[in-house]
2 protein chains.
Amino acid sequence: MPAYAVGHKVPDSDSICSAIALSYLKTTIGEETLPARLGELSPETLFILDKFGFEQPELKMTFADTDGIYVVDHSDRIQGPDDIDDTTVLGIIDHHKLGDITTSTPLECWIRPVGCTNTIIKMMYDFHGVEIPKNIAGAMMCAILSDTVIFKSPTCTTADIKCVEALAEIAGIEDYKALGMEMFTVKSSVEGTPVRELVLRDFKDFKMGDNVIGIGQLEVIDLALFDEMKADLQADIAAVKEEGDRHSVLLLLTDIMKEGSELLVASDDAALVEKAFGKSLVDGKAWLDGVMSRKKQVVPPLQDAFA
Amino acid sequence: MPAYAVGHKVPDSDSICSAIALSYLKTTIGEETLPARLGELSPETLFILDKFGFEQPELKMTFADTDGIYVVDHSDRIQGPDDIDDTTVLGIIDHHKLGDITTSTPLECWIRPVGCTNTIIKMMYDFHGVEIPKNIAGAMMCAILSDTVIFKSPTCTTADIKCVEALAEIAGIEDYKALGMEMFTVKSSVEGTPVRELVLRDFKDFKMGDNVIGIGQLEVIDLALFDEMKADLQADIAAVKEEGDRHSVLLLLTDIMKEGSELLVASDDAALVEKAFGKSLVDGKAWLDGVMSRKKQVVPPLQDAFA
Ligand SMILES: [Mn+2]
Ligand SMILES: [Mn+2]
């Protein structure tokens, strides 16, 4: 039985590309490892896989029948495989706050405060002295451009920028920023997509105190794309909140050119959300100037408010 | 305010030497960091500090007034500073199973399934391209020889052996095995030491289910050293169990030459301990042939038995 590398539920490009890149690395050094995904892929991720000639990783929800898993791009139980206790966590590669996964045996954790898991995977390739194939380098590079919003996110570090430059050279891509914009244009095509699909496209649940808070984010090159559908999005996050017994559901509509986000809120206690961001909601909405990162600018103040 | 590097309660040589080595590395790369200790040092650790000319790290139990902490040689809340929630965990460097420390901000984790935290700290020096001073290399080397029982422990990996060889060269030590035996001879001098001090010398609490299990270990070059005091040790682990509201207290008397351990048990449910090791206790004792590692050979079967 092989091991698997698996990212979080509602997989984003970082989760998928890091599972692919890590599997190749591990297999190359003698530990057979396959990439898996916990859900359907976004148009952005499909664009990356198509661009560099990859198949979609296997859709696989349970891992009891494996030799163990490498958890990538998360360390919260709620975001990972439901049967994580029935397998061995061999390692965690991540760039978020440390979550509540625990193990009963020693493991390998590469966690760094950088903008993207793939920046850390590159360090692992360097550590093991394994050459990164051209197409894997391209996919890793796109994942970093996605997670760092082409370096505009406050989560972006110099390590991420240097890593993109090195990967672009390996992949033979001259204008990586143009490729990044092409990717975000694909990501921005929201018309014709069912509202629920948009709400859940990049959606993560967080445990704060005893509450579950769902936070979705849509990054587009122009916020005006949402003008027609904002009321529908608001109605739908209220529905997602009820269906999942959540305390709150937040949806960030991020304008990557204006560098800020409109926040849509459905909550049992909206005042708590207002307190977290020091902003009044008007019709359940607020503009958060400069806010581009869920991880760095949205989760921590909420966590403080719920503490 | 500086940051601190701090190991587990009842500090062993790995906790102290890795706090010292990490503090030097972090300070060198521009993040002022000081080593701290959560308790009194063992004769073995004092021998190492004396040998390489180090002062004892500051005895410091609370960290709310610091810039944050690097947690070394553990990742279980129960083993670390009691006020961990009042400071920022900047990073974890460890070689045990992943414990229950969580954070609200991204951090740096270097966790590897190797024999000693200092083997990982050496990787960090290499990553940052920082030269290890002679005396720090010597202390790191001794910590690895201690944790791996001069390479005899099943936790020892080729990475640990290579690391010791590299550190011995930096420190200018020709016969590191002789130094290791000298260190274990110091560790073996138990006569004249109060029984309670011996029980707690290398003692860790583990949460298993809802129970607290305390496990101590004494490594000596000859088990006969305990012949006179075994009854007193058994009486005292029973007392430690009661005083700390623990489900069980186990004491491993490890003979590093015979490569096995005598297990002393005080438990609310000794049958569970017998089940864990597949061994009957006679007068609360059992010989476990080949068992040298608490982490790898004692904690996992107990955890399974308590699951
Ligand atoms: Mn990511
Ligand atoms: Mn250790």
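Predicted model: local features only at pLDDT ≥ 70, side-chain atom pairs only at ≥ 80, totals over all residues.
Local features were considered at pLDDT of at least 70 and side-chain atom pairs only at pLDDT 80 or more, whereas totals for chains, interfaces and linings use all residues. Residues are numbered from 1 along each chain as its sequence is written, chains are lettered from A and ligands numbered from 1 in the order in which they are written, and side-chain values use heavy atoms, with hydrogens and water left out.

Two copies of a chain are related by a rotation about an axis and a shift along it.

The interface takes 25 residues from chain B and 25 residues from chain A. Between the two chains an area of about 2000 Å² is buried, 67% of which comes from carbon and sulfur atoms; buried area is the accessible area (1.4 Å probe) that two parts lose on being put together, summed over both. On the side of chain B, Leu98(B), Pro106(B) and Arg112(B) lose the most area to chain A, together 29% of what that side buries. Across this interface 0 salt bridges are found, a salt bridge being a side-chain nitrogen of Lys or Arg within 4 Å of a carboxyl oxygen of Asp or Glu.

Within chain A, domain 1 covers residues 3-185 and domain 2 covers residues 195-306, the bounds coming from an automatic or database domain assignment. The C-alpha centres of these domains lie 25 Å apart. Contacts involve 20 residues of domain 1 and 21 residues of domain 2 of chain A, and about 1800 Å² is buried between the domains, 63% of it on carbon and sulfur atoms. The count of salt bridges between domain 1 and domain 2 of chain A is 0.

The manganese ion (ligand 1) is coordinated at 2.1 to 2.3 Å by Asp14(A) (OD), Asp73(A) (OD), His95(A) (NE2) and Asp147(A) (OD). Donors are N, O and S atoms within 2.8 Å of the metal (3.2 Å for Na, K and Ca), and sites may look incomplete because water is not among the atoms. Along the chain, the donors of ligand 1 follow the spacing D-x58-D-x21-H-x51-D. His95(A) lies in the loop between strand 5 (89-94) and strand 6 (108-111) of chain A and Asp147(A) in helix 4 (residues 134-147), so this pair ties together parts that are 52 residues apart in sequence. Helices (H or I, at least four residues) and strands (E, at least two) are DSSP runs numbered from the N terminus. His95(A) is buried at 3% relative accessibility, and Asp147(A) is buried at 18%. These classes denote under 20% relative accessible area for buried, over 50% for exposed and values in between for partly exposed (1.4 Å probe, protein chains only).

Asp14(B), in helix 1 (residues 13-28) of chain B, and His95(B), in the loop between strand 5 (89-94) and strand 6 (108-111) of chain B, are 81 residues apart in sequence. Both Asp14(B) and His95(B) are buried.

Over all chains, 36 salt bridges are found. One of these joins Lys97(A) to Asp76(A), with the closest N and O atoms 3.7 Å apart. The pair links the loop between strand 5 and strand 6 of chain A with the loop between strand 4 (69-72) and strand 5, 21 residues apart. Lys97(A) is buried at 10% relative accessibility, as is Asp76(A) at 14%. In chain B, Asp85(B) and Arg77(B) form a salt bridge at 2.8 Å between the closest N and O atoms; Asp85(B) is exposed at 55% relative accessibility, whereas Arg77(B) is partly exposed at 32%. A salt bridge between Arg246(B) and Asp205(B) has an N to O distance of 2.7 Å, and both residues are buried.

Methods
Contact = heavy atoms within 4.5 Å.
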